[in-house]
Amino acid sequence: MWTMTRSRARTSGLRRTPARAVARLGELFDGYLDPARPHADAYDEMFGEDASVRAAYRALHDSIAPSQVAELTARAEALDRAFVDQGITFSLSGQERPFPLDLIPRVLTATEWSKLERGIVQRVRALELFLADIYGDAQIVRDGVLPRRLITSCEHFHREATLLKPPNGVRLHVSGVDLVRDESGTFRVLEDNLRCPSGVSYVMENRRTMARVFPDLFARHRVRSVGDYAVHLLRALRNAAAPNAADPNVVVLTPGVANSAYFEHSLLARQMGVELVEGRDLFCRDNVVYLRTTEGERQVDVIYRRIDDDFLDPVHFRPDSVLGVAGLLNAARAGNVVIANAVGNGVADDKLVYTYLPEIVQYYLGEKPLLPNVDTFRCWLPEERAHVLDHLDELVVKPVEGSGGYGIVFGAQASTRELNGLRRTIRANPRGWIAQPVVQLSTVPTKVGDRLAPRHVDLRPFAVNDGNSIFVLPGGLTRVALPEGSLIVNSSQGGGSKDTWVLAARSSTVDRELAEPGLATSAPASPAAEQGPELTTSQQQQQQQQEKGA
Amino acid sequence: MLARNAESLYWIGRYVERADDTARILDVTVHQLLEDATVDPDATSRQLLAVLGIDAREGASFDVWSLTELVAYSSDHAGSIVASINSARENTRGAREVVSTEMWECLNAMYNAVQERQAYARVMGPHAFFTFVEERAAMFAGLADSTMSRDDGWRFLVLGRSVERVDMIVRLLLSRVADRASSPGWVTVLRSAGAHDTYLRTYRGALDASRVVQFLLLDRLFPRSVFHALRQAEACLEQLDHQPSVRVGARAEALRLLGRARSDLEFLRPHDLLDDLPRRLKVLQGTVRDVGEAVSQQYFHTAPWVAWTNAEVV
């Protein structure tokens with residue numbers, strides 16, 4: 001009944017692929033548009049329905065299509081070597097592996113991006129207000145918009161954090177919004193990551209490495225830079241400090257070298273020029289957090305923690321945690337330290353709360369969400385649960401707490417026994433499960449063996465809230481499911497990544513061409529035009545906040 | 001600076017130096033065994049293992065290959081070259097934000113290449129592996145020299161390197177104290193320390209035990225001499241001390257130990273050196289151990305782990 005059937009019908013009607021277009025493709029794209037491929041239902045980001053190349057990818061396609069397989073392979077090897085030598089790896093079950101980066105970038109046009117950017121900013125603003133409310137007076141519950149049971153039954157709702165107000169009001173210093181593109185090409189939000197979203201280091205390193213390996217591609221495109229993420233993050237963290245800290249001492253708190261995202265923690269600390277600390281480097285005394293240094297102790301004002309709430313403070317949460325700092329939460333409550341992201345954010349990225357996001361956006365902002373959710377059935381509502389149990393074999397069932405792609409069941413691929421087991425599990429704990437129709441994620445050409453094949457991708461843009469405005473890093477992390485037909489992109493499940501390019505607005509490209517030798521006598525390219533969308537977004541936000549304050 | 005990072009830097013200094021020096025010592029011993037048929041391989045190997053502090057297996061007799069296998073390639077025990085490389089890299093990984101990217105990539109590439117170099121050396125002879133280790137260590141020292149600020153981080157790195165250097169030269173000398181004064185073994189000692197050319201130029205080719213020992217223990221100018229390394233460690237500790245307000249005696253235990261060891265050597269009559277050499281070397285070795293402990297107590301405050309298992313609200 002939902003999007004699935006609708007879009008199925010539409011795409012199958014369009015699956016006729018003109019033969020001449022296939023013949024035109026270079027050998028790298030052999031068989032790419034084969035109508036029998038398992039990805040045929042999905043929206044391909046490079047090729048349109050009539051096998052023409054979409055505008056965003058035209059220059060990329062034209063430079064890659066004529067190249068030899070050997071050349072591409074050589075570049076792929078150069079990429080891998082660069083990653084291993086730089087130690088850009090993630091650990092999987094204790095083993096260090098290079099994070100697989102695919103050669104072919106994913107391209108977003110300026111128009112697509114500015115739409116996404118506005119949608120993400122709106123979402124983060126609404127979620128900030130939601131968190132402030134939930135850990136404050138819970139007005140939204142009093143007004144009957146959300147059932148109280150929804151909040152209190154959430155595993156990541158921490159009563160320890162109620163009435164703990166951060167000095168500048170920001171709880172979502174960094175958020176990652178997972179987006180997918182459905183069969184019609186519409187971007188939808190799959191889930192929010194509001195606790196410690198990771199992956200931004202791969203965005204920066206992918207770009208740096210790609211620019212080394214494909215200098216000519218970058219020369220042909222005008223790609224918006226991702227290099228200044230750390231500047232924005234540091235500003236947000238410094239702004240978060242209590243107002244009496246003149247020169248706030250910011251640290252990054254990592255679980256340690258064994259953590260899968262350790263590389264990212266150390267990269268961020270290095271780029272911000274702050275200390276990377278483990279729990280054992282910190283201690284609390286009289287509600288003040290200190291750092292152990294070779295010259296005694298030094299007070300810490302802001303902790304950008306990359307440790308889950310549960311492990312953060314053994315006094316309040318898991319008593320057996322060796323990663324956290326005893327007394328941290330009390331110090332935060334006393335106003336002597338700021339924890340970023342705030343404790344208890346998990347209540348806002350719960351997958352069941354996610355289904356109420358349209359109501360949340362409407363309630364706090366009086367707006368419609370700019371980015372739609374993926375249609376979701378809530379197993380805790382009796383009529384929707386009945387539907388899920390009846391249609392289990394065509395849905396994807398997900399645990400509300402899950403991350404990393406663990407615990408997800410594709411009904412169509414599960415055996416009858418597994419489905420029966422799942423039915424029992426859902427009946428026993430309906431709050432713990434949601435179900436969604438299978439969304440065929442969009443595909444992008446990906447190097448598989450010695451040719452390019454379509455593979456499903458998602459997108460995780462990162463937003464940084466510094467209290468004055470919300471900055472969205474242009475692009476974000478594109479994860480790609482490497483096994484054929486797979487829809488799970490998590491790196492823990494055999495996923496890779498792609499460099500994500502947001503093209504600068506067309507006007508700026510024209511400016512640049514005008515500024516080239518020979519034509520340079522005309523007026524110099526206006527710098528304002530180049531940062532067009534960015535400037536307006538932050539201006540808008542500031543203005544809106546001013547209104548609220550007034 | 002963060003105490004844990006200081007500790008890491010200190011150990012990076014030590015491990016890189018240890019890998020380098022072990023490669024040098026082993027290189028010379030292996031080639032002495034190969035070139036000189038009169039040397040007993042088993043006895044020489046066991047002597048070397050004793051000096052390096054590696055447990056020798058009972059029963060089996062050692063030859064060049066099994067010695068190389070154990071001291072260079074094995075990662076089962078802490079004294080081998082490969083184990084030192086692993087530890088140096090592991091420490092750097094935990095302290096990425098205080099070492100430069102170049103230094104990290106140098107050690108990481110070294111770590112990644114070990115397998116391949118080892119396989120190559122098994123076919124082509126161990127010398128290729130030793131050269132690889134020595135070159136990488138030299139590269140690391142050069143990169144540290146040209147990319148690190150001369151702040152406390154640098155001082156901890158150099159402190160570690162100097163302390164390890166004293167330890168390794170002492171071990172090297174201990175392996176030869178039983179030799180006759182005219183034994184050709186003394187040339188190998190010089191070669192191991194990379195001091196052969198410098199020595200020949202300094203003493204115009206005259207080779208005898210007392211001069212070799214004098215050169216490696218007391219020379220003020222040669223950077224691998226014990227005296228030079230002690231002085232350097234002392235200088236690092238002095239600069240690390242930011243409150244020079246104590247007016248009597250040494251301010252810290254580590255500094256006191258180093259100063260005493262250094263002045264012992266400094267004011268020793270050169271011709272008394274060979275008398276009682278083994279005891280003197282043992283004392284130096286003990287000093288190195290104590291310095292390590294004192295430094296760690298003074299700077300690397302480790303927190304005792306507190307269990308919160310019964311933290312219930314009363």
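Two strands count as paired if DSSP finds at least two bridges between them; helices (H or I, at least four residues) and strands (E, at least two) are DSSP runs, numbered from the N terminus. Keep that handy for the tour. What you have open is a predicted model, where local features need pLDDT of at least 70, side-chain atom pairs count only at pLDDT 80 or more, and totals for chains, interfaces and linings use all residues. Residues are numbered from 1 along each chain as its sequence is written, while chains are lettered from A and ligands numbered from 1 in the order in which they are written.

**Stop 1: strand β11 of chain A**

Select residues 302–305 of chain A, which make up strand β11. A:Val302 and A:Tyr304 point one way, A:Ile303 and A:Arg305 point the other, and all are buried. Buried here stands for 20 or more other C-beta atoms within 10 Å of a residue's own; exposed is 12 or fewer, and partly exposed is in between, with C-beta atoms placed from the backbone. In a regular strand, side chains alternate between the two faces of the sheet.

Strand β6 (residues 250–253) of chain A pairs with β11(A) in the parallel sense over four bridges; look for A:Leu253, whose bridge partner in β11(A) is A:Arg305. Strand β12 (residues 338–340) of chain A also pairs with β11(A) in the parallel sense, over three bridges. There, A:Val302 stands opposite A:Val338 in β12(A).

**Stop 2: a three-stranded sheet in chain A**

Next, pick out β8, β9 and β10 of chain A: they form an open sheet in that order, with antiparallel pairing. Which strands stand at the edges? They are β8 (282–285) and β10 (296–299) of chain A; each has a single partner strand, so one side of each is left without a neighbour in the sheet. On average, neighbouring strands of this sheet are turned by 40° against each other, direction ignored. (For such angles, axes are lines fitted to C-alpha atoms, for helices over the stretch in contact, and angles run from 0 to 180 degrees between N-to-C directions.)

Zoom in on the pairs. β8(A) and β9(A) pair over four bridges, and A:Cys284 has A:Val289 in β9(A) as its bridge partner. Their hairpin has two residues between the strands, and A:Asp286 takes a positive phi near 50° in it. Strand β9 (residues 288–293) of chain A also pairs with β10(A) over four bridges, where A:Leu291 stands opposite A:Arg298 in β10(A).

Zoom out to see chain A as a whole: 20 helices and 22 strands, with buried residues making up 45% of its 550 residues.

**Stop 3: chain B from a distance**

Switch to chain B, which has 13 helices and zero strands. Its radius of gyration (taken over C-alpha atoms) is 21 Å, close to the 20 Å that the globule rule gives for 314 residues, so chain B is as compact as a globular protein of that length. That rule is 2.2 Å times the number of residues to the power 0.38. The C-alpha trace spans about 75 × 50 × 40 Å along its principal axes, and 44% of the residues in chain B are buried.

**Stop 4**

Show α1 (residues 3–35) and α2 (residues 41–52) of chain B: they pack at an angle of about 170°, with their axes 11 Å apart. α1(B) and α2(B) are therefore roughly antiparallel to each other. (Under 35 degrees counts as roughly parallel, over 145 as roughly antiparallel, 65 to 115 as roughly perpendicular, and the rest as oblique.)

Which residues of α1(B) meet α2(B)? Select B:Thr22, B:Thr29 and B:Leu33, which meet B:Pro41, B:Thr44, B:Leu48 and B:Leu52 in α2(B). Contact means that the C-beta atoms of two residues, placed from the backbone, lie within 7 Å.

Move on to helix α3 (residues 64–73) of chain B, where the buried residues include B:Leu67, B:Leu70 and B:Tyr73. The buried residues of α3(B) pack against α1, α2, α4 (81–93), α5 and α6 (127–147) of chain B.

**Stop 5: where the chains touch**

Finally, display both chains: 24 residues of chain B are in contact with 26 residues of chain A. On the chain B side, α5(B) gives the most, with five residues.
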